[in-house]
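Let's take a look inside a protein and see how its parts pack together. Keep the picture open while you read.

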Amino acid sequence: MGRLFWKFFFAFWLAVLTAGIGVGTAVWVRHNSNLLSSANEQDIIDSHASAFVNAAAGILTHGGVSGLRSFLDSVQEGPFPAVYAVNDADQEILERSLSDSQLQQIRNLYLQQTASPALRMVSADDGHRYLLFAPWTAHGLRGNRHQPPPDELGGEPPPDIPRHPRPGRRPPPWLAISAGTLASLMFSALLAWYFAKPIRKLRSAFAALAGGALDTRIGMAMGRRSDELTELGRDFDHMAQQICALVSAQRHLLHDVSHELRSPLARIQAAIGLAQQQPEKLAASMERIERETQRMNQLVGELLMLSRLEAGVDAEKISHIDIGDLLADIIADVQFEAEPLQVGINYKGPNHISGQCRSELLHRAIENVLRNAVQHCQAGGQVQTTVHFDARQRRLRIGIDDDGPGVPEQHLAAIFQPFFRSTPRDKNGAGLGLAIAYRAIAAQGGDIQARNRRGGGLRVIIELPLPA
């Protein structure tokens with residue numbers, strides 16, 4: 001169990017426990033309130049009796065007997081105190097039965113002017129005076145509407161009902177609190193385990209990956225979950241796959257570099273041995289050693305450039321240059337190398353294009369692509385260089401076409417990888433030119449692609465943003 005488990009556990013447990021105690025307390029208070037309400041029902045009826053009697057008196061004064069009758073009909077249908085209205089002839093307005101003793105007791109209370117808030121005498125529009133009263137403990141009547149009228153009880157007041165009935169036996173409060181605490185404890189532990197389990201698996205996977213197990217994957221171990229932790233597991237698998245691919249590429253690159261360096265070293269050793277055995281061929285051997293040394297120096301320089309581009313540590317600053325002049329210089333240099341191969345270079349595009357870029361990186365990228373096109377052209381062939389500049393979007397597009405054999409479709413995406421060759425090994429290159437061009441263009445926010453031409457040959461397209 002890690003620290004995160006306990007954080008989740010205590011947080012959820014305290015939250016659920018607090019909510020449970022609050023709800024339990026509210027329910028307990030409500031339950032006790034209901035018990036008290038049931039025990040003091042008669043007191044509540046007594047306290048509301050005077051209000052209903054006053055309301056009935058007002059209705060009788062302003063609405064007459066018919067209004068009072070309607071009011072008393074509506075009152076007796078609801079959970080309200082019963083209000084009686086008796087005229088001078090001892091007739092109750094709703095013809096409800098009352099015993100003579102009860103009527104006499106009520107009239108005596110009125111004549112004695114006993115302070116009773118639920119007893120009033122009101123004159124009506126039919127010429128009678130109505131004695132209005134509601135069940136009141138002092139009247140000898142109960143306010144329980146479910147009890148029968150006094151005359152059905154033999155004219156005697158109903159017996160007193162205990163005001164505080166003893167409630168039934170209730171379970172102790174600690175039992176409900178203990179049950180809620182136990183339930184919240186189990187729920188919090190389950191929820192914390194649910195969150196902490198995939199995190200522990202992720203931690204183990206990271207440790208395995210750091211230990212060199214590049215084939216570690218965690219997606220299947222997440223099960224059928226569908227949440228952010230599952231997405232994190234998928235992201236880990238993607239990261240592990242990318243790391244595995246990068247490490248594999250580095251190993252392949254190291255193998256290719258060692259192979260490229262071993263070949264000139266072997267030739268240098270052979271030239272040294274030949275010079276020792278045949279001193280008369282010392283000059284030829286020294287020339288061979290110098291050529292192979294230059295080739296090694298060129299290879300090491302290209303590897304350093306590729307390494308800086310991949311690491312993103314190129315220190316060249318962005319400067320404002322004329323792209324037209326840059327292209328003219330590149331074409332002049334490559335044309336000088338293409339003359340022995342009888343290959344021409346044609347240029348089509350504007351002569352002056354200015355913008356901000358890393359001139360050295362752009363020079364290296366275009367030069368490498370152009371040299372690659374010249375090397376794969378047939379004798380007497382042509383390399384077509386087309387330049388287009390979108391002034392509105394400030395985007396430069398350079399197309400370089402050769403009339404060579406082209407590249408198999410399945411190899412088009414791989415020609416920008418270091419040391420890749422789709423044709424027999426070229427004596428004049430190590431397979432790093434297009435890889436350097438790809439990373440030089442990408443470092444400036446551009447894109448480089450290659451595709452075969454319909455009439456034969458290869459077309460390389462460079463697109464580059466060119467801020468003013």
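Helices (H or I, at least four residues) and strands (E, at least two) are DSSP runs, numbered from the N terminus. Counted that way, this protein has nine helices and 10 strands. What you're looking at is a predicted model, where local features need pLDDT of at least 70 and side-chain atom pairs count only at pLDDT 80 or more, while totals for chains, interfaces and linings use all residues. Residues are numbered from 1 along each chain as its sequence is written, and side-chain values use heavy atoms, with hydrogens and water left out.

Now for the inside. Of the 468 residues, 35% count as buried (under 20% relative accessible area with a 1.4 Å probe, protein chains only; exposed is over 50%, and partly exposed lies in between). Helix H9, residues 433-442, is mostly covered, with seven of its 10 residues buried. Among them are Leu434, Ile436 and Arg439.

In soluble globular proteins, nonpolar side chains tend to be buried together. A nonpolar core here is a set of buried Ala, Val, Leu, Ile, Met, Phe, Trp, Tyr and Cys residues joined through side-chain atoms within 4.5 Å. Here are two of them:

| Core | Size | Some members |
|---|---|---|
| Largest core | 52 residues | Ile323, Leu362, Val369, Leu370, Val383, Ile398 |
| Second, separate core | 21 residues | Phe52, Val65, Ala85, Ala124 |

Take Ile398: leaving out residues up to four places away in sequence, Ile398 touches Leu327, Ile366, Thr385, Thr386, Val387, Val460, Ile461 and Ile462. A contact means heavy atoms within 4.5 Å.

Grid points are joined across faces, edges and corners, and a volume is the space filled by probe spheres set on the points. The search of the whole structure turns up one cavity of 30 Å³ or more, and the largest cavity holds about 30 Å³ of space. Val369, Asn372, Ala373, Ile400, Asp402, Leu458 and Val460 line it. Helix H8 (359-375) and strand E10 (458-465) each give two or more residues to that lining, and H8 gives the most, with three.

Note on methods: On a 1 Å grid over the protein atoms alone, a cavity is a set of points where a 1.4 Å probe fits but cannot get out, and a pocket is an open set with protein on both sides within 12 Å along at least five of seven lines; lining residues have an atom within 4 Å of a point.
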